Amino acid sequence: MDYFRKNRGTGSNKQSSTPIRMRIIVGVILVLFAMLIGQLAYLQLVYGSRFKVEVQQSDSTVVSNQVPRGVMYDAEGHVLVGNKATNAITYTKSTSTTTTQIYQISNALSNYIKITDEKPTKQMVADYYLADGDNNTKITAKLPKSAKVDANGNKKTNSEVYQAAIAYVEKLNPKLTEKQKTAALIFNKISGAYTLSTIYIKNKGLTDKEIAQVGEHLSELPGVGIGTDWQRSYPNGSSIQSIIGSVSTEKSGLPSDNLQYYLRNGYSRNDRVGTSYLEEEYEPLLKGTKSTSKVTTKSNGNIQQTKTVYDGQAGTSLMLTIDAKYQKEVQASLKRIYSSAIGAGAARYSNGAYAVAMNPNTGALLATAGLNRNTNTGKVTDNALGVINQSFIMGSVVKGATVSGGLINKVITPTNNTLPDTPIYLPGSPVKKSVYPIGTFSSLDAKTALEVSSNIYMMHLAMNWVGAKYVPKTYIHMPDTAFNTLRRNFAMFGLGQKTGVDLPGEVAGIEGKSFNSKGNILSGSVLDLAYGNYDAYTPIQLVQYVSTIANGGYRMQPYIVQSVGKTSKDGKKIYINYNKKPNVQQSIPWTSDELNVVREGFWRVVHGTNGWGTAHYLKDVKPSVSGKTGTAQTFYYDAEHPNRKHNIELINATFIGYAPSKNPKLAVAVVFPGLDPDMEGKYTLQVAKAMIQDYFKLHSTK
């Protein structure tokens, strides 16, 4: 306090020392201020432009937005899957948006729009309810002490207390009005949005009135806007949708199993992506290039301006090999004929039916149809993808490959191919024979064996081929390589191999066991394999195999995307950038004479005069048909009760063929699994007939 104590002297010349000290302090302060002002001036003059750029960068952010996916066309240029533009209410979240602001915007927006296709969950209701400050205070006060303090007397975190409040409100189950339910849904959407990302509040069923009302009040709804969204549309029906595949919704976003892959490739979590089949396989092309916008925010974090930097580019369009009209015809024929099999009782235990058509010269898929049937409920659904991911024991249709292998490996020749038609008697096993009575034929050549579908011929051929030693009813010895020998031959035609079709999810089939538990080769199963009653193949493998015979020996890779290009802005034209070139996977090393043995056999299956011919039903079809039928023994399997034992014997009925018999343009495969063996009928032949006639009717002038 000495600074403020007066001197006690009485002379007039005596002055206080306080003003001197104060002058010194004030002087120091003034010097410091001068230095500070000088430094600020220096920074402003020397580094001002640099700081200005940095401030602008921190206040400006580039964000991206979705663009329409690529369109898919059929072979004739008709749209199979396109994009339907819809109006949408959008929201872009600023960097400083608070829960209270979200609550206010949600309530305000619910005055102008309704969301009726969604219902808020209890969690959504609780979050919305607690966003009201009064409600939050009231509920927090009602929470028991244990919800706020742990066992050691320490305060719980805000997050823990909030979760307790959520549980309390969920149990309380407050009743919301319809408007509040909409507000709760909006609150949930906005709360889950990423900062400066644009989301859709409502993009379905938006009325003109709702758009007008929101538009009138945009100034009162910060972050809310009116934009355009798109949805996948199927103007030619959904019969092929199971091949086209699906696209995720904005709500489901990126698939969790591939989340990191998509994020590394520049996707946002709520982006819509192809999740199956063509939509997934061609995702990199279909997605397009996102549009980008520059979002400028104020110092308080609110969005000041949004400016489009790049309009983006719609996804690449695909032209498929499938003709929409023909696809509809094939699907309709399969449904109609399969329904008749169900009605007749023949398909009581059948789990579906499949049909596929291909251009044998290029590998282009022309139609893929499939049905899946729940044997417990009887419900039938479309399952076109069954042609690539369902495997069945196919029966005698594979005999063309067996005969081909015998010819190529010189076990038989085009001029010397007669074998005895005596049944195979293995020790301790039922006789192995053909469907016709024993003794019908004493011997058969290869062409006739195909015509009458002789199992016996194929078994004798296989034994000669692999070098088996056989004494009827007494002894059989197969070399350990027997299965490999036959399977390598079948694989040459694509049987038991993935075809490489441009669709995800293709399976290779099912290979039966080669050895028993003691390591001994299953000799009887080798014989079964030779005539198609052991390994399981897919329908697409069958059509690839028969195409190889039809085109003269070239195993063509099946494909469904013919061309890649860009769709015009009016959506009426596609500009092609790339055309698929047919791919020969393997050339069969046979001579023309060897090929003609198989082709003649397939011709006689349909047009032969032998009473045991199996496809005479197709004799009058124009153009002429060559092909092969098949029947394989199987048993009923209940997928919903896999451990339940069933002894119901069934058959798989199959047909493969091509037309015209000379210079083929169409190859088909039809599979009806699980039919009653006493009611096989001609269902596969009926479908094949319809497929061939419909195709050439549609393409008669082309």
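# A guided tour of the chain

Welcome! Of the 702 residues in the protein chain, 47% are buried, where buried means under 20% relative accessible area, exposed means over 50%, and partly exposed lies in between (1.4 Å probe, protein chains only). This is a predicted model, in which local features need pLDDT of at least 70 and side-chain atom pairs count only at pLDDT 80 or more, while totals for chains, interfaces and linings use all residues. Residues are numbered from 1 along each chain as its sequence is written, and side-chain values use heavy atoms, leaving out hydrogens and water.

**The whole chain.** Colour by secondary structure to begin. The protein chain has 21 helices and 24 strands; these are DSSP runs numbered from the N terminus, with helices being H or I of at least four residues and strands being E of at least two. Of the contacts in the protein chain with a separation of 6 or more, 72% are between residues 24 or more positions apart; contact means heavy atoms within 4.5 Å.

Stop 1: Next, select the strands in the order 11-10-9-24-23-22. These 6 strands form an open sheet with antiparallel pairing; two strands pair if DSSP finds at least two bridges between them. Strand 11 (380–382) and strand 22 (626–635) stand at the edges with a single partner strand each, so one side of each has no neighbour in the sheet. On average, neighbouring strands of this sheet are turned by 10° against each other, direction ignored.

**Stop 2: strand 9.** Now select residues 352–358. How many of the residues of strand 9 are buried? The count is 7 of the 7, so strand 9 is largely enclosed by the rest of the structure. In a regular strand, side chains alternate between the two faces of the sheet. Here, Gly352, Tyr354, Val356 and Met358 are buried on one side, and Ala353, Ala355 and Ala357 are buried on the other.

Strand 10 (residues 365–373) runs antiparallel to strand 9 and is joined to it by 7 bridges, with Ala357 opposite Ala367. The two strands form a hairpin with 6 residues between them, and Gly363 in the turn has a positive phi of about 95°. Strand 24 (residues 666–675) is also antiparallel to strand 9, with 5 bridges between them; there the bridge partner of Ala357 is Val668.

Stop 3: Step along to strand 23 (residues 649–659), which pairs with strand 24 in the antiparallel sense over 8 bridges. Thr654 has Val671 in strand 24 as its bridge partner. Then show helix 12 (residues 324–343), which lies across strand 9, strand 10, strand 11 and strand 24 and runs at about 30° to strand 10. Helix 20 (residues 592–607) packs on the sheet too, touching strand 22 and strand 23, and its direction makes about 75° with that of strand 22. Axes are lines fitted to C-alpha atoms, for helices over the stretch in contact, and angles run from 0 to 180 degrees between N-to-C directions.

**Stop 4: backbone details in the loops.** Most residues other than glycine have a negative phi, and most peptide bonds are trans. Zoom in on Lys622 and Pro623, which are joined by a cis peptide bond with omega about -5°; Pro623 is in the loop between helix 20 and strand 22. Ala659 and Pro660 are also joined by a cis peptide bond, with omega about -15°. Pro660 is in the loop between strand 23 and strand 24, and Asn663 is in the loop between strand 23 and strand 24 as well. Is Asn663 buried or exposed? At 67% relative accessibility, Asn663 counts as exposed, and its phi is positive, near 55°.

**Stop 5: two crossing helices.** Select residues 122–131 and 158–172. The axes of helix 3 and helix 5 come within 9 Å and cross at roughly 115°. That makes helix 3 roughly perpendicular to helix 5, on a scale where under 35 degrees is roughly parallel, over 145 roughly antiparallel, 65 to 115 roughly perpendicular and the rest oblique. Among the residues in this contact are Ala126 and Leu130 in helix 3 and Ile166 and Val169 in helix 5.

**Stop 6: Ala530.** Finish in helix 18 (residues 523–530), where Ala530 is found. At 0% relative accessibility, Ala530 is buried. Leaving aside neighbours within four places in sequence, its contacts include Val398, Met458 and Phe490.
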